[in-house]
Amino acid sequence: MLAACSGGADSMALASALAFEAPRLGLRAGGVTVDHGLQQGSDARAAEVADRMRSLGLAPVEAVAVSVGRGGGPEAAARDARYAALDAAAERHGAAAVLLGHTRDDQAETVLLGLARGSGTRSLSGMAWVSGTGGRYRRPFLQLDRHTVREACLAQSLPVWEDPHNADPAYTRSRVRHEALPILEKALGKGVVEALARTAQLSRDDADALDAWAARAEAEVMTTAPAAAGGAQAVHLDTGGLRGLPAAVRRRVLRRAAIAAGAPAGSLFARHIEEVDRLITGWRGQRALNLPGRVEVRREGGRLVIRQG
Ligand SMILES: Nc1ncnc2c1ncn2[C@@H]1O[C@H](COP(=O)(O)OP(=O)(O)OP(=O)(O)O)[C@@H](O)[C@H]1O
């Protein structure tokens, strides 16, 4: 098991908790810190964070340098590079789990960001306890509030380093943390963080149920035709059957069908699915449209045909 540690208070508390619990649980517990190379001296700081983890008793401990790409904005690019490095570290060390220090406050921020984007239940469900390939990522602090975690750091005099990006108003999450949530707490009371985190859990339960319903509905309204050489399969959907489904289930079926036809999941947004949904009713007489990944959707009589061009 590895603790992923930025050197910040949340993940130092996590590293310390893992070092404390591991002998009792008979676990081999190490740590990894990722140097994004975004500030001067970040390599020296990563080495220092690694030393701090070693002095807590974790072994093996690694500081991994990554190069951050540009895709999807600076926050997303750093996150992608970080998770790729954490995955690789888990493989190298044969670690079944990588622990992350996300707290209930991080969860509330994620829900608020989803609300502001107009997201559906899946996005509002925030971060899961267990996620990633084979359930590798675990978030044991997800129900603890940040204040409690930070008090634990203080009580143990753990040396922590705060990433200046966390307080940089140029970053959306930082504005949510330092501006939006304090205003909401002032207006609506301290319980708002807990309430947002509860929204995440309720939304996750709803989204899971709708996903299961969509998987069953798909079997009734969707058929696949064999792929042309080298291409993805063509997907046929019965529009009459689709119309009989609740909108939330229908949108899920449409999304699954588009992905089955070769559209990349990461580029398929809610607005794309809404456009496909309108084809079913023949809204504005439209009969065809294109989706990311050169996927075409065409209404032909009583069915939608989705295939890669
Ligand atoms: N550079 C990094 N190296 C290793 N793990 C990281 C790094 N940055 C973040 N993580 C992991 O992701 C979790 C969430 O990080 P994020 O920066 O979003 O939250 P945070 O509340 O600022 O956490 P922290 O106080 O630990 O920095 C961290 O608790 C840690 O487990």
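What follows is a conversation about labels and the values behind them.

Guide: Happy to. Please keep in mind that this is a predicted model. As an overview, the protein has 11 helices and 11 strands, and its C-alpha atoms fill a box of roughly 70 × 50 × 40 Å along the principal axes.

Visitor: What makes Ala 9 count as buried?

Guide: The cut-off for buried is 20 or more other C-beta atoms within 10 Å. Ala 9 has 21 C-beta neighbours inside 10 Å, so Ala 9 counts as buried. Ala 9 sits in helix H1. Setting aside neighbours within four places in sequence, Ala 9 is in contact with Val 149, Arg 150, Cys 153 and Val 160. Across the protein, buried residues make up 31% of the 309 residues.

Visitor: Why is Gly 8 called partly exposed?

Guide: That label covers the range between the two cut-offs, 12 or fewer for exposed and 20 or more for buried. Gly 8 has 18 other C-beta atoms within 10 Å, and is therefore partly exposed. Gly 8 lies in the loop between E1 and H1. Not counting residues up to four places away in sequence, Gly 8 touches Val 160, Trp 161, Glu 162 and Asp 163.

Visitor: Which residues does UniProt list as "binding site"?

Guide: The record, an unreviewed entry, lists Ser 6, Gly 7, Gly 8, Ala 9, Asp 10 and Ser 11 under that name. In the model, 16 residues surround the ligand, and the closest are Ser 6, Gly 8, Asp 10, Ser 11 and Gly 101.

Visitor: What makes up the shell around the ligand, by class?

Guide: The shell has 5 nonpolar, 7 polar and 4 charged residues; Gly is counted as polar here. Helix H1 (9-25) and strand E2 (30-35) each supply at least two residues of the shell. The largest share, 3 residues, comes from H1.

Visitor: Why can one say that the buried residues of H3 line one face of the helix?

Guide: The buried residues of H3 are Ala 85, Leu 86, Ala 89 and Ala 90. Seen down the axis of H3, they fall within an arc of 140°, so they line one face. As background, an α-helix has 3.6 residues a turn, so residues three or four places apart point the same way.

Visitor: What covers those buried residues of H3?

Guide: The cover includes strand E1 (2-4), E2, strand E3 (61-65) and strand E4 (98-99).

Visitor: And what comes just after H3?

Guide: Gly 94 follows, with a positive phi of about 60°. Ala 96 is also in the loop between H3 and E4. Ala 96 has 14 C-beta neighbours inside 10 Å, so Ala 96 counts as partly exposed. The C-alpha atoms of Ala 96 and Met 1 are 95 residues apart along the chain, yet are separated by 6.0 Å.

Visitor: Is Arg 294 buried, exposed or partly exposed?

Guide: Arg 294 has 13 C-beta neighbours inside 10 Å and therefore counts as partly exposed. Arg 294 also has a positive phi, of about 55°, although it is not a glycine. Arg 294 lies in the loop between strand E9 (288-291) and strand E10 (295-300).

Visitor: Why is the bond between Ala 59 and Pro 60 called cis?

Guide: Its omega is about 0°, and the peptide bond joining Ala 59 and Pro 60 is cis. Most peptide bonds are trans. Pro 60 lies in the loop between helix H2 (42-56) and E3.

Key
Residues are numbered from 1 along each chain as its sequence is written. This is a predicted model: local features need pLDDT of at least 70, side-chain atom pairs count only at pLDDT 80 or more; totals for chains, interfaces and linings use all residues. A residue is near a molecule or strand if its C-beta atom, placed from the backbone, lies within 6 Å of it. Helices (H or I, at least four residues) and strands (E, at least two) are DSSP runs, numbered from the N terminus. The arc is that of the directions from the helix axis to the C-beta atoms. Two residues are in contact if their C-beta atoms, placed from the backbone, lie within 7 Å. UniProt positions are given in the numbering used here, feature names are shortened, and annotations may be inferred rather than shown by experiment.
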